[in-house]
Amino acid sequence: MEELHRLGLIRGELLFLDSMLHMYPPLLEATLTAALEHHDGQSGRLVLVYGDCSARMLDLVRRFRVGRVNVINCAQLLVGRDRYRLLMREGAFLVLPEWARRWEHLMSSELGLTRGVARELMGENRVVLVYLDTGLVPAPEQELAEFSSYTGLPWRVEAVTLDSMLAALLEAEAGARIEPDGQEMR
Amino acid sequence: MNIADFSDQLLTAMINADRAGAADIIECAVAAGVDPPRVIAHILDPAIVSLGRLWEGEAISLAQGFVASKIAEDALLRCLPVGGVHQHTKGAVVIGNIEDDFHSLGRRTVGLFLTAAGWDVYDLGNDVPAEQFLKKALEVNACVIGASAMMQTTALNIRRLRRLIDARGLRDRIKLAVGGAVFNWRPELVAEVGGDGTAHNAVGADQLFIRLQSQVKREVAQ
């Protein structure tokens with residue numbers, strides 16, 4: 001999103017919440033609601049760049065009349081619905097840049113897994129690690145190799161453009177309420 | 001150690017992602033004379049219900065909940081008879097995750113419970129279009145379709161299945177059970193997607209399907 005913003009393909013202010021809120025959907029919902037309440041009534045358009053990350057995401061869209069990207073998660077935002085379905089059918093475990101850097105902390109601290117249990121669970125549920133590479137930051141090959149060794153799953157890098165994300169953002173912007181004093185995307 | 005102690009220990013093992021520990025507890029219970037059906041009913045079921053309460057009370061994270069549920073599935077598998085022993089089944093049912101939904105764990109666990117309870121379960125897997133659900137249900141003469149969705153937007157895809165069942169005039173013959181985490185968070189969603197019923201967790205799936213099957217029998221008889 002920062003790159004699209006830098007290129008002038010999307011406009012407005014980008015606001016980010018802590019991605020780890022995803023681990024606690026009710027807390028994410030409360031934090032998101034507070035953020036939306038804070039910006040409610042201000043000029044411009046508000047676009048929610050969230051997938052199905054809490055049980056009431058669509059209710060927030062209705063309540064605050066904001067736009068929202070029509071995807072179920074960030075990975076689908078990047079690759080699009082059709083490619084995402086194929087990857088899921090393949091048994092891919094999708095890895096995004098931020099996740100790749102923190103995989104060890106996430107597996108041990110957030111999930112509470114030992115190496116052995118992690119290896120078992122990943123092997124039973126997934127077939128391959130797929131890093132989605134936007135090309136904006138170098139692919140963390142060392143971390144991916146370590147994560148692969150940890151899980152016992154092979155890994156590969158799949159290049160993705162920002163086209164799907166841009167299309168989803170612009171579609172969401174078009175669906176957002178316009179306040180009279182401006183046209184910003186947030 | 002009594003049955004309640006086993007259940008408490010199992011819950012602790014589930015929350016702590018202690019897969020081997022959970023397996024040991026199940027084996028100890030069986031070795032102590034608790035037969036597998038009682039392990040399911042009095043050790044596993046209460047642990048799953050308690051896990052659900054912890055999740056709803058935000059005492060555990062999404063990730064912890066997933067791992068704990070996976071361990072519960074392991075425990076259930078250890079208690080199920082190999083190859084099935086039900087000579088007279090309760091009937092055929094079709095289950096699957098609705099189109100665009102890939103959260104399979106809950107569905108698999110429901111399938112295991114239903115199989116253990118004596119249903120012929122046809123599990124279509126993840127990302128199942130409405131047409132595929134109905135086609136299979138007609139093929140196997142199922143009285144209930146169980147559509148699973150974990151999140152709100154994918155749950156709304158179940159509406160298409162509802163419309164399809166109704167459009168084919170099958171409302172009285174095939175009931176639509178819906179389930180998944182989002183239905184626990186917001187029960188009103190059951191009606192919104194056209195569900196005929198839901199269960200709070202996999203433990204309640206058998207009773208739900210029995211109830212829906214009896215509705216079919218009543219309505220078909222009328």
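## Domains of chain A

In this predicted model, the C-alpha centres of domain 1 and domain 2 of chain A lie 25 Å apart. Domain 1 covers 2-73 + 163-174 and domain 2 covers 80-159; the bounds come from an automatic or database domain assignment. Four residues of domain 1 of chain A are in contact with four residues of domain 2 of chain A (contact: C-beta atoms, placed from the backbone, within 7 Å). On the domain 1 side, one of these residues is nonpolar, two are polar and one is charged (nonpolar: Ala, Val, Leu, Ile, Met, Phe, Trp, Tyr, Cys and Pro; charged: Asp, Glu, Lys and Arg; polar: the others, Gly among them).

## Fold of chain A

Chain A has 10 helices and five strands (DSSP runs, H or I of at least four residues for helices and E of at least two for strands, numbered from the N terminus). The C-alpha trace of chain A spans about 55 × 35 × 25 Å along its principal axes. Of the contacts in chain A with a separation of 6 or more, 71% join residues 24 or more positions apart.

## Contact between chains A and B

In chain B, 21 residues are in contact with 19 residues of chain A. Helices H4 (62-79), H7 (152-156) and H9 (181-185) of chain B each give two or more residues to this side, and H4(B) gives the most, with five residues. The chain B side has eight nonpolar, seven polar and six charged residues.

## Conventions

Residues are numbered from 1 along each chain as its sequence is written, while chains are lettered from A and ligands numbered from 1 in the order in which they are written. As the model is predicted, local features need pLDDT of at least 70 and side-chain atom pairs count only at pLDDT 80 or more, whereas totals for chains, interfaces and linings use all residues.

Definitions and conventions
Two residues are in contact if their C-beta atoms, placed from the backbone, lie within 7 Å.
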